[in-house]
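Take a first look at the fold below. Then follow the chain with the text as your guide.

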Amino acid sequence: MGNSALIVIDMINTYDHPDAELLVPSVRTALPHLTRLIDRARTEGVPVIYANDNFGQWRSHHGEIIEKTLAGKNAELVEPLLPDDDSLFVVKARHSIFYETPLSYLLAELAVDHVVLCGQVTEQCVLYSALDAHIRHLRVTVPKDAVAHIHGDLAEAALRMMERNMGATVLDTDDVSF
């Protein structure tokens, strides 16, 4: 057994995009599980890493990204999940949390060999991040109730793919072991 990290994917979000209307109900359902998982990771001393889109604002830093989302119409979906002073933040530009980011280096520095992926969108960023974690020989856990989707059928297929093709452990939040 090595070290674990909780990676919160794209939850610092403006919800100002074409699929937001389909995504928001799933986020509302996942939110209590996400907050419980983040709180538990913090209590257990597990690094919490936010990997988040920058909304095409390349001069932004994480503080500006957070400010922009809190000014949006769905700030109540962001506020409970805000990074604390111990959280780490990686800005990403594409679907995978690893693509062109320093995340691999950061995980190596923390001696992490197990990532717990939560956030959004199950059938996009979570799926591609799980694949990239798998090819980096990291153990992957995905709490299925702490990920949000746009399309439920695609999310179910994505979770099955992560489990079958990538060896990910897919389970409920309460069953996650760090």
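Where is the place of I12? I12 sits in the loop between β1 and α1. Helices and strands here are DSSP runs, numbered from the N terminus: helices are H or I with at least four residues, strands are E with at least two.

A word on the source. This is a predicted model, in which local features need pLDDT of at least 70, side-chain atom pairs count only at pLDDT 80 or more, and totals for chains, interfaces and linings use all residues. Residues are numbered from 1 along each chain as its sequence is written, and side-chain values use heavy atoms, with hydrogens and water left out.

I12 has a relative accessible area of 0%, so I12 is buried. Buried means under 20% relative accessible area, exposed means over 50%, and partly exposed lies in between (1.4 Å probe, protein chains only). Along the sequence, I12 and K68 are 56 residues apart. In space, their C-alpha atoms are 9.2 Å apart.

N13 is found in the loop between β1 and α1. N13 is buried too, at a relative accessible area of 10%. Its side chain reaches the backbone nitrogen of Y15 at 2.6 Å. That is a polar contact: a pair of N or O atoms within 3.5 Å, where within protein one must be able to donate a hydrogen and the other to accept it, and residues adjacent in sequence count only if both atoms are side-chain atoms.

Which residues touch the most other members of the largest nonpolar core? They are L6, V8 and Y15, in a core of 32 residues. A nonpolar core is a set of buried Ala, Val, Leu, Ile, Met, Phe, Trp, Tyr and Cys residues joined through side-chain atoms within 4.5 Å. At least two residues of this core come from each of β1 (3–9), α1 (20–43), β2 (48–53), α2 (62–70) and β4 (112–120). Helix α1 gives the most, with ten residues. There is also a second, separate core of 28 residues, including I9, V126, V147 and A158.

Look at Y15 in detail. Setting aside neighbours within four places in sequence, Y15 is in contact with A20, L23, V24, V27, K73, N74, L77, V78 and Q120. Contact means heavy atoms within 4.5 Å.

L23 lies in helix α1. L23 is buried, with a relative accessible area of 1%. Beyond residues up to four places away in sequence, L23 touches Y15, H17, Q120, V121, A148, H149 and I150.

Strand β1 holds I7. I7 is buried, with a relative accessible area of 0%. Not counting residues up to four places away in sequence, I7 touches I49, A51, I97, L103, V115, V116, L117 and C118. I7 and V90 are 83 residues apart along the chain, and their C-alpha atoms are separated by 9.9 Å.

Next, the helix pair α4 and α5. Two packed helices are described by the angle between their axes and the distance between the axes. The axes of α4 (residues 122–135) and α5 (residues 152–166) come within 9 Å and cross at roughly 5°. Axes are lines fitted to C-alpha atoms, for helices over the stretch in contact, and angles run from 0 to 180 degrees between N-to-C directions. The two helices are therefore roughly parallel to each other. Angles under 35 degrees count as roughly parallel, over 145 as roughly antiparallel, 65 to 115 as roughly perpendicular and the rest as oblique.

Which residues meet here? From α4 come T122, E123, V126, L127, A130, L131 and H134. From α5 come L154, A155, A158, L159, M161, M162, N165 and M166. By class, this contact has eleven nonpolar, three polar and one charged residues. Ala, Val, Leu, Ile, Met, Phe, Trp, Tyr, Cys and Pro count as nonpolar, Asp, Glu, Lys and Arg as charged, and the others, Gly among them, as polar.

M161 belongs to helix α5. At 38% relative accessibility, M161 is partly exposed.

Finally, the backbone. Most residues other than glycine have a negative phi, and most peptide bonds are trans. Q120 and V121 are joined by a cis peptide bond, with omega about 0°. E100 has a positive phi, near 55°. E100 is exposed, at a relative accessible area of 69%.
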